[in-house]
Amino acid sequence: MNQWMLDKLNQSGLIILELAVGFTVFWLGQFAYQKLFRRIQLNLELFVKDNPAVAIALVGYYLGIVLALGGALDKNLGTWQDKLLNLASYGATVILLMLAGAWVADRLILRRFDCVREIIQERNVGAAAVEAGSHIANGLILNAALAGDSGSWLVGFVCWLIGLAVLVLVSVVYPIVTKYDVFGEIEKRNNPAAGVALAGLLIATGNIVRVAFSPEFEGWVVSFSQYGLILVFCLLSLIAIRWLADLILVPGVKISDEIVNQEVPNLGAGLIEAFAYIAASFLIAWAF
């Protein structure tokens with residue numbers, strides 16, 4: 001057997017072990033989610049009550065964990081034992097920070113209503129979409145905060161806190177930009193279009209934060225000045241996206257009207273707005 005085959009077999013074995021560790025992290029994550037955070041019976045909600053809102057929120061949480069773990073998998077470590085140990089330790093940290101980020105989202109982003117009641121009792125898809133978007137955004141932020149070989153845990157923790165603060169700020173500014181009561185639409189009308197649109201903005205913001213924090217840490221003053229400039233530039237770039245979406249993606253139609261001024265909210269309009277934000281965030285990321 002030649003060296004190429006041996007290398008591929010070794011790589012395949014490592015991938016299988018990483019998948020095993022990764023799914024163990026998922027199991028621990030869902031256990032913590034249902035026992036510590038939501039305090040619900042997931043099997044009952046998902047497979048007896050067939051609650052789509054719980055499924056949407058949970059899938060967003062899982063995807064956030066996957067994206068956050070990418071920061072650990074990108075690290076260049078020596079042996080396979082080091083890689084698996086690193087993945088396991090990062091997995092535990094990711095679960096804790098994902099739950100902490102979820103608590104922040106409940107208290108500060110979805111502060112206008114009881115998210116547990118909306119998702120569990122009201123089966124509110126709009127609220128679930130926003131929760132899922134906050135989970136995914138948190139995972140993207142953790143991907144950058146926990147990645148890299150320079151800096152320290154303190155640097156990563158500070159970056160994560162800044163990222164969460166940016167998400168909260170965006171959730172406050174967004175209703176001003178849209179000129180309608182976003183959270184009122186989600187709570188009172190169970191408006192999935194409004195929830196999906198906001199979820200797209202949160203995901204895009206998380207991706208922008210990930211890009212801003214991607215450069216290696218070179219010092220508190222130098223690096224955070226650089227991070228701040230990139231973050232401000234990228235967020236300002238997102239401001240024009242909603243206008244461009246109206247102008248280019250749906251010419252002759254105002255997205256806000258389709259989301260809030262229809263008897264039945266237009267979910268397609270919400271999806272298009274969410275796509276515009278997320279697509280723009282990736283275009284900005286690739287430009288950097």
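Trainee: What share of the contacts with a separation of 6 or more comes from residues 24 or more positions apart?
Mentor: In this chain, 75% of them. A contact means heavy atoms within 4.5 Å. This is a predicted model, in which local features need pLDDT of at least 70, side-chain atom pairs count only at pLDDT 80 or more, and totals for chains, interfaces and linings use all residues. Residues are numbered from 1 along each chain as its sequence is written, and side-chain values use heavy atoms, with hydrogens and water left out.

Trainee: How many helices and strands are there?
Mentor: The chain has 13 helices and zero strands. Both are DSSP runs numbered from the N terminus, helices being H or I with at least four residues and strands E with at least two.

Trainee: What radius of gyration does the chain have, and what would a compact globule have?
Mentor: The chain has 20 Å; a compact globule of 288 residues would be near 19 Å, so the two agree. The radius is taken over C-alpha atoms, and the globule rule is 2.2 Å times the number of residues to the power 0.38. Along its principal axes, the C-alpha trace spans about 65 × 50 × 40 Å.

Trainee: And how much of the chain is buried?
Mentor: Buried residues are 51% of the 288. Buried means under 20% relative accessible area, exposed over 50%, and partly exposed in between, using a 1.4 Å probe and protein chains only.

Trainee: Changing topic. How many aromatic pairs does the structure hold?
Mentor: Twelve. Rings of Phe, Tyr and Trp (its six-membered ring) pair if their centres lie within 6.5 Å; planes under 30 degrees apart count as stacked, over 60 as edge-to-face and the rest as tilted.

Trainee: Why is the pair of tyrosine 33 and phenylalanine 37 called tilted?
Mentor: Their planes are at 55°, so the pair is tilted, and the ring centres are 5.6 Å apart. Both residues lie in helix H1 (residues 3-37), four residues apart, which is about one turn of the helix.

Trainee: Are those two buried or exposed?
Mentor: Tyrosine 33 and phenylalanine 37 are both buried. Another pair is tyrosine 90 with tryptophan 153, whose centres are 5.3 Å apart and whose planes are at 40°, so this pair is tilted.

Trainee: Where do tyrosine 90 and tryptophan 153 lie?
Mentor: Tyrosine 90 is in helix H4 (residues 80-109) and tryptophan 153 in helix H7 (residues 153-178), so the pair ties together parts 63 residues apart in sequence. Tyrosine 90 is buried, with a relative accessible area of 8%.

Trainee: Which residues do ring pairs link into a cluster?
Mentor: Phe23, Phe26, Tyr33, Phe37, Tyr61 and Tyr62.
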